[in-house]
Amino acid sequence: MKDSGDSKDQQLMVALRVRPISVAELEEGATLIAHKMDEQMVVLMDPMEDPDDILRAHRSREKSYLFDVAFDFTATQEMVYQATTKSLIEGVISGYNATVFAYGPTGCGKTYTMLGTDHEPGIYVRTLNDLFRAIEETSNDMEYEVSMSYLEIYNEMIRDLLNPALGYLELREDSKGVIQVAGITEVSTINAKEIMQLLMKGNRQRTQEPTAANQTSSRSHAVLQVAVRQRSRVKNILQEVRQGRLFMIDLAGSERASQTQNRGQRMKEGAHINRSLLALGNCINALSDKGSNKYINYRDSKLTRLLKDSLGGNSRTVMIAHISPASTAFEESRNTLTYAGRAKNIRTRVKQNHHHHHHH
Ligand SMILES: Nc1ncnc2c1ncn2[C@@H]1O[C@H](COP(=O)(O)OP(=O)(O)OP(=O)(O)O)[C@@H](O)[C@H]1O
Ligand SMILES: [Mg+2]
């Protein structure tokens, strides 16, 4: 594999989605404190009211945050997909890597955005549909091989969601320095219906338990990986093969274990989930520290090893941060907005992956 020479710096794209307020939040007496002001700005109001607090009275009680794009309860699944992910497809089928990940506290809509429901499918299915369409449209000149895998990282262990019977899988680095999951099931179907069925089935295999904050809380990070190899059909002595990889990741909730009143198993889980998320946060911090040559420790967790290319290397990367608009979620929303704002400073270097093949 060689560097095509046309690599360019690219900033991480950060989107924010504020989900609709829930019935449970309304029943708790929550009010709306997160408001979308325009296409890029969201304002968060501090719900604490204490007229006797002189220090507080002199401080602004609202803070605004800027993103590449912001969505509120009026946004449809299609709008979120169009503004964040659709434009990555052309790159992936011509040999560029791309990553989309959903970040945020439990119950704020990560799984809704990525997987969605039968009636309101999310980014996974919309992306695969458009990817297969784009492949079909260029199939006169190009030959493609597509393979897809779906895994979860739970308690720092990797499980194949398309075949959980395989047990725990290991990460390996191949001769080109690309991280691979040894022995994972790879599916090469290009039928969109089949894919949705596979994903739904895979998602049911995912480790999921109710927490105080979300009845169907995902306790693991789920990673859908699509690899596309492209080769020109024109018969040449020298054939160029390009390979693009697309990661679509639904992270576990970013809340601290204590905030969901978890004990025992849930608590231990929290610590492991946090290990991957903490490592991700550390990488984001170090990467966003402009001008510094800080050492980035991707080896700290399975998630960051898998995402090494996406964060620090060769990938177009989109982060979709999620928050609740409710006053009861103020602290978590503020933390998430700060974290996501910091991520906006990350730059990645994107280049086409290709190598030459001799044909006889
Ligand atoms: N934009 C939205 N529109 C309508 N309903 C939504 C939206 N976002 C989330 N929900 C609903 O809110 C609930 C929690 O969402 P979801 O399970 O996606 O949260 P999560 O961020 O994946 O949480 P966890 O980290 O616990 O897995 C679900 O019932 C989901 O259908
Ligand atoms: Mg989830």
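Tutor: Helices (H or I, at least four residues) and strands (E, at least two) are DSSP runs, numbered from the N terminus. This is a predicted model, in which local features need pLDDT of at least 70 and side-chain atom pairs count only at pLDDT 80 or more, while totals for chains, interfaces and linings use all residues. Residues are numbered from 1 along each chain as its sequence is written, chains are lettered from A and ligands numbered from 1 in the order in which they are written, and side-chain values use heavy atoms, with hydrogens and water left out.

Student: In which strand does Thr99 lie?

Tutor: Thr99 counts as buried, at 0% relative accessibility, where buried means under 20% relative accessible area, exposed over 50% and partly exposed in between (1.4 Å probe, protein chains only). Contact means heavy atoms within 4.5 Å, and the contacts of Thr99, leaving aside neighbours within four places in sequence, include Leu246, Phe247 and Val318. The element that holds Thr99 is strand S8.

Student: Is Val223 buried or exposed?

Tutor: Val223 is found in strand S16 (residues 221-232), and its C-alpha atom is separated by 8.9 Å from that of Phe101, 122 residues apart along the chain. Leaving aside neighbours within four places in sequence, Val223 is in contact with Ser149, Tyr150, Leu151, Phe247, Met248, Ile249 and Leu306. With a relative accessible area of 2%, Val223 is buried.

Student: Among contacts in the chain between residues at least 6 apart in sequence, what percentage join residues at least 24 apart?

Tutor: The chain has 11 helices and 20 strands, and of its 360 residues 52% count as buried. For contacts between residues at least 6 apart in sequence, the part that joins residues at least 24 apart is 73%.

Student: Why do the buried residues of H3 line one face of the helix?

Tutor: In helix H3 (residues 77-84), the residues Gln77, Val80, Tyr81 and Thr84 are buried. An α-helix has 3.6 residues a turn, so residues three or four places apart point the same way. The buried residues of H3 line one face because, seen down the axis, they fall within an arc (that of the directions from the helix axis to the C-beta atoms) of 100 degrees.

Student: Which elements do the buried residues of H3 pack against?

Tutor: Both strands and helices take part in this packing. The buried residues of H3 pack against strand S3 (13-18), strand S7 (69-71), helix H4 (89-93), H5, helix H6 (123-137) and strand S18 (316-323).

Student: Which element gives the most to the shell around ligand 1?

Tutor: A residue is near a molecule or strand if one of its heavy atoms lies within 4 Å of it, and of the 15 residues around ligand 1, Thr106, Gly107, Lys110, Ser217 and Ser218 come nearest. The residues of that shell divide into four nonpolar, eight polar and three charged; Ala, Val, Leu, Ile, Met, Phe, Trp, Tyr, Cys and Pro count as nonpolar, Asp, Glu, Lys and Arg as charged, and the others, Gly among them, as polar. An oxygen atom of ligand 1 is 2.7 Å from an N or O atom in the side chain of Lys110, and the elements that give two or more residues to the shell are helix H5 (110-114) and strand S15 (217-218). The one that gives the most, with three residues, is H5.

Student: What is the phi of Glu156?

Tutor: Most residues other than glycine have a negative phi, and most peptide bonds are trans. Glu156 is found in the loop between S9 and S10, and is buried, with a relative accessible area of 10%. Although Glu156 is not a glycine, its phi is positive, at about 60 degrees.

Methods. A polar contact is a pair of N or O atoms within 3.5 Å; within protein, one must be able to donate a hydrogen and the other to accept it, and residues adjacent in sequence count only if both atoms are side-chain atoms.
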